[in-house]
Amino acid sequence: MALERLFRRRRAQGEARDIPELWAKCPKCDAQIYKKDLEHNLYVCPKCSHHLRMPASKRIEMLADPGSFEETTRLRPTDPLGFVDTEPYPKRLERYQREAGRPDAIVGGRCTIGGVPSILLVMDYAFAGGSMGSVVGEEITRGIEQAAQEERAVVIVAVSGGARMQEAALSLMQMAKTTLALDRLWARRLPYVSILTDPTTGGVTASFAALADVIFAEPGALIGFAGPRVIKQTIRQELPEGFQRAEFLLKHGMVDQVVDRRRLKAQVAQVLGLLHPARVRL
Amino acid sequence: MPLEFEKPIEELESKIAELEGFAASSGVDLSDEIRGLRERLARLKSETFANLSRWERVQIARAPGRPTTLDVIAQLMTDFVELSGDRTFGEDAAVVGGLARFEGSTVVVVGHQKGRDTKENIRRNFAMPHPEGYRKAMRLMDMADRFGRPFIAFIDTPGAYPGISAEERGQAWVIAQSIQRMARLRVPAVAVVLGEGGSGGALAIGVGNRVLIMENAWYSVISPESCAAILWRDAREAAKAAEALKLTAPDLLALGVVDRVIPEPDGGAHRNPQAALANLKQALSETLAELGALSPEALLEDRYRRFRGLGQFLEG
């Protein structure tokens with residue numbers, strides 16, 4: 001039952017569907033794709049260019065210069081409120097940790113990107129839908145502070161359902177904490193590039209993710225403050241086609257470019273190269 | 001309309017009033033009976049009000065007759081000049097603000113504004129701002145900085161409005177910008193959670209050097225109803241969600257999310273607004289006096305430190 005629900009949820013969220021182990025199916029055009037090919041193509045459907053969700057570790061491989069990444073994230077979550085809904089939060093955490101293979105919904109560290117010394121922080125949707133609690137907020141804050149100290153650029157890949165309910169007000173406060181940290185970076189003229197991927201909503205959009213010097217969004221990504229379901233319930237109307245998608249955000253002036261994932265690294269590197277005060281030539 | 005848990009109290013009160021009326025008109029001596037009932041009423045009140053559940057406090061935070069931002073301004077300040085509009089798109093009546101004097105000195109105030117009746121609530125969108133409301137708040141923050149005056153924000157919103165127009169105009173972006181703008185204030189900034197502190201829509205004007213909260217206000221990442229709808233798949237489980245979210249003033253004080261709890265009269269501010277506002281006045285006065293001693297740089301550093309320390313985790 002639980003398994004079935006998990007499977008259904010994954011599909012609805014646009015993950016690659018498991019047919020036999022070696023093959024995946026594009027959720028948009030139904031094309032059968034050899035998994036190795038999909039991975040080589042950065043989880044973009046070779047037939048229709050639909051951007052499937054990409055594992056956090058693959059994001060790092062894609063963005064950091066080869067061999068340059070040195071992980072610094074290491075915090076573990078706790079249960080400050082003793083939160084229990086249909087099950088205790090610590091039990092949920094154990095399950096998320098097992099599923100995602102990491103302590104919380106973020107991984108990051110030092111690297112170079114196109115030769116520019118950077119801090120790269122990547123949120124992980126596989127862990128509780130990339131929700132932001134104390135660990136995510138603190139790791140992002142530390143990453144930004146570290147970048148300011150070491151004269152590095154900051155690149156954050158956002159993917160998140162928003163602030164984590166099980167840490168309640170403390171999750172909310174991470175929005176303020178991460179936002180305040182950005183000023184340390186800006187005082188030193190260090191660039192910050194935010195990459196919005198599918199989906200980025202709630203407290204993550206409404207804090208550090210929206211406050212970068214340059215904001216890129218992946219094609220088709222759902223990006224917004226309130227989730228579409230909440231909006232539909234509130235206004236009791238159908239939502240317009242393409243609402244809250246990356247292209248909608250571009251049209252309304254909220255992001256700088258919608259960038260195909262296969263061009264993303266080059267585009268990020270170019271911006272960092274233009275803005276970083278001390279670009280290291282490779 | 002009494003709140004659910006106030007009903008037995010209201011019933012007893014009206015029974016006493018009835019007996020007193022009868023005694024006066026008929027000349028029958030009922031003083032023993034009335035005294036007995038009064039004692040029972042006092043016991044009932046203290047039992048009810050001393051053991052409020054988190055969900056009951058949420059209801060008090062929403063009670064009609066609870067002081068709103070404009071009530072606070074009218075009662076505690078003088079010379080209020082309301083300033084409107086975001087100079088970009090429009091005027092949002094869910095957020096009010098302007099210039100006023102508090103204890104003789106000019107301050108800049110802003111706050112979410114609920115309506116006193118359905119008609120006003122519709123006009124004010126139930127205190128759920130659109131981006132324009134936050135842009136107005138940011139404009140007022142600019143003004144506080146420009147004139148070196150303290151900035152006071154009153155929080156009372158179920159949340160920022162979740163609608164198509166709000167998303168089109170960048171709800172997430174303005175909330176982030178408002179958090180950032182408030183963090184950058186070079187003047188004393190005080191936020192007071194008056195009633196409801198619903199998520200990012202509340203935090204957008206909540207980045208104070210000090211964050212105060214009324215005793216029966218709530219402040220959290222999500223409303224209990226929405227939390228229940230997601231985690232229990234049933235909005236009717238809101239009482240359980242309220243417990244789990246630890247969203248009351250004493251909870252938040254323990255977590256360090258707020259710095260001071262402002263006491264309310266028994267049963268909540270709506271039962272005696274004057275008493276609640278007197279307590280608020282004292283707290284504001286003391287807080288502004290404390291912050292007034294700090295330089296702009298010290299205020300910035302103080303605000304950074306205050307929020308930097310929030311969160312709980314284990315070193316890996």
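Helices (H or I, at least four residues) and strands (E, at least two) are DSSP runs, numbered from the N terminus. Housekeeping next: this is a predicted model, where local features need pLDDT of at least 70 and side-chain atom pairs count only at pLDDT 80 or more, while totals for chains, interfaces and linings use all residues. Residues are numbered from 1 along each chain as its sequence is written, chains are lettered from A and ligands numbered from 1 in the order in which they are written, and side-chain values use heavy atoms, with hydrogens and water left out.

So where do strands pair up across the two chains? E5(A) goes with strand E9 of chain B, residues 313-314, in the antiparallel sense, over two bridges. In that pairing, A:Pro77 sits opposite B:Phe313.

Zooming out to the whole interface: 64 residues of chain A are in contact, meaning heavy atoms within 4.5 Å, with 50 residues of chain B. The buried area is about 5,000 Å², and carbon and sulfur atoms give 70% of that. By buried area I mean the accessible area, with a 1.4 Å probe, that two parts lose on being put together, summed over both. In chain A, the residues losing the most area to chain B are A:Met165, A:Leu180 and A:Phe225, together 14% of what that side buries.

On the polar side, there are 19 residue pairs in polar contact between the chains, both residues at pLDDT 80 or more. The criterion is a pair of N or O atoms within 3.5 Å; within protein, one must be able to donate a hydrogen and the other to accept it, and residues adjacent in sequence count only if both atoms are side-chain atoms. Which parts of chain A supply at least two residues each to the side that touches chain B? Those are strand E5 (76-77) and helices H5 (134-150), H6 (168-186), H7 (228-235) and H8 (246-251). H6(A) gives the most, with 16 residues. By class, that side of chain A has 37 nonpolar, 14 polar and 13 charged residues.

Salt bridges next: that's a side-chain nitrogen of Lys or Arg within 4 Å of a carboxyl oxygen of Asp or Glu. Between chain A and chain B the count is six. Take B:Arg308 with A:Glu145, where the closest N and O atoms are 2.7 Å apart. Over all chains, the search finds 55. One inside chain B joins B:Glu290 to B:Arg210, at 2.8 Å between the closest N and O atoms. That pair links distant parts of the chain, 80 residues apart: B:Glu290 is in helix H13 (residues 273-292) and B:Arg210 in strand E6 (residues 210-214).

Now chain A by itself. Its secondary structure comes to nine helices and 11 strands. Seven strands make an open sheet with mixed pairing, in the order E4-E6-E7-E8-E9-E10-E11. Strands E4 (70-71) and E11 (257-258) stand at the edges with a single partner strand each, so one side of each has no neighbour in the sheet. Within chain A, E7 (residues 116-123) and E8 (residues 153-160) run parallel, joined by five bridges, and A:Val122 stands opposite A:Val157 in E8(A).

Most residues other than glycine have a negative phi, and most peptide bonds are trans. A:Asp198 and A:Pro199 are joined by a cis peptide bond, with omega about -10°, and A:Pro199 is in strand E9 (residues 192-200) of chain A. A:Asp30 has a positive phi, near 65°, and belongs to the loop between strands E2 (23-25) and E3 (32-34) of chain A.

Note on methods. Nonpolar A, V, L, I, M, F, W, Y, C, P; charged D, E, K, R; others polar. Pairing = 2+ DSSP bridges.
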